[in-house]
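Keep the model open as you read.

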Amino acid sequence: FIGDYTAWRNRQWPGGEHREIPLPERFRAILIDRAPFRMKEVEPLVQSLLHQFKARYPATLRPTPGVREMLDAWSGRVRMGVVSNFFLSDWPATLLTDHGLSVYFDFVLDSSAFGWKKPDPRIYREALRLAGLSADQAGKVLFIGDNPDHDVRAPLELGMRALYLDRSAERASPPPPAGIDAIVHWDQFRTD
């Protein structure tokens with residue numbers, strides 16, 4: 001199933017279309033592609049898969065080392081928000097709450113609730129709106145993340161500043177894009 005999921009996902013976003021597809025829709029599409037299920041047979045399987053995902057996925061997450069201390073250092077000094085590609089509405093906000101991190105953020109924008117995912121310009125424009133900024137104020141935003149396309153190139157194209165979180169020492173990830181400031185640990189993004 002994981003192989004089918006990966007192949008389906010790779011077929012969905014080969015180019016410029018960045019509409020977010022919620023996880024239940026993904027599961028339905030994969031099951032229908034994989035076998036000649038009737039819809040009445042598919043829905044119980046989708047619900048079972050969702051139940052399993054929701055029960056197991058949160059246990060696989062942990063805050064990145066140093067993130068809480070970095071957020072403490074910046075809290076009250078700047079406005080902060082989260083822009084997340086995630087396929088279940090409201091899960092990024094819930095997961096931040098579960099880890100005690102939601103108190104740091106003025107807003108959480110997730111692609112499933114919004115309908116468009118990074119690197120589509122619409123999600124960055126919505127983040128600007130939620131931050132109370134206009135498009136011509138994009139230069140006031142520092143976008144930080146570990147995906148060169150989503151968190152560096154796309155924000156730069158919209159006039160934002162960008163900082164790459166290089167996680168290559170802990171997992172397979174691309175090197176920092178040329179000419180982009182990068183950090184390897186959140187301690188490097190603290191001023192205290």
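Predicted model: local features only at pLDDT ≥ 70, side-chain atom pairs only at ≥ 80, totals over all residues.

Start with the largest nonpolar core, which holds 16 residues. Within this core, L23, F53, F87 and L88 touch the most other members. Four helices each supply at least two of the core residues: α1 (2-12), α2 (23-34), α3 (39-56) and α5 (91-98). Now look at L88. Leaving aside residues up to four places away in sequence, L88 touches L23, P24, L50, F53, K54, D110 and S112. A second core is separate and has 15 residues. V67, L71, M80 and L163 are among them.

Next, turn to helix α8, residues 148-157. Its buried residues are P148, H150, D151, V152, A154 and P155. N147 caps the N-terminal end of α8. Here a side-chain oxygen of N147 lies 2.9 Å from the backbone nitrogen of D149. Just after the helix comes G159, with a positive phi of about 90°.

Finally, find the second largest pocket. The space in this pocket is about 270 Å³. Its lining consists of F1, I2, Y5, L23, F27, L49, Q52, F53, R56, Y57 and F87. By type, the lining residues are 9 nonpolar, 1 polar and 1 charged. Helices α1, α2 and α3 each supply at least two of the lining residues. The largest share, 4 residues, comes from α3.

Definitions and conventions
Residues numbered from 1 in each chain as written. Heavy atoms only, no water. Core = buried A, V, L, I, M, F, W, Y, C linked by side-chain atoms within 4.5 Å. Buried < 20%, exposed > 50% of the residue type's maximum accessible area, 1.4 Å probe, protein only. Contact = heavy atoms within 4.5 Å. Polar contact = N/O pair within 3.5 Å; in protein donor to acceptor, adjacent residues only side chain to side chain. 1 Å grid on protein atoms, 1.4 Å probe; cavity = no way out; pocket = protein on both sides within 12 Å on 5 of 7 lines; lining within 4 Å. Points joined across faces, edges and corners; volume = space filled by probe spheres on them. Nonpolar A, V, L, I, M, F, W, Y, C, P; charged D, E, K, R; others polar.
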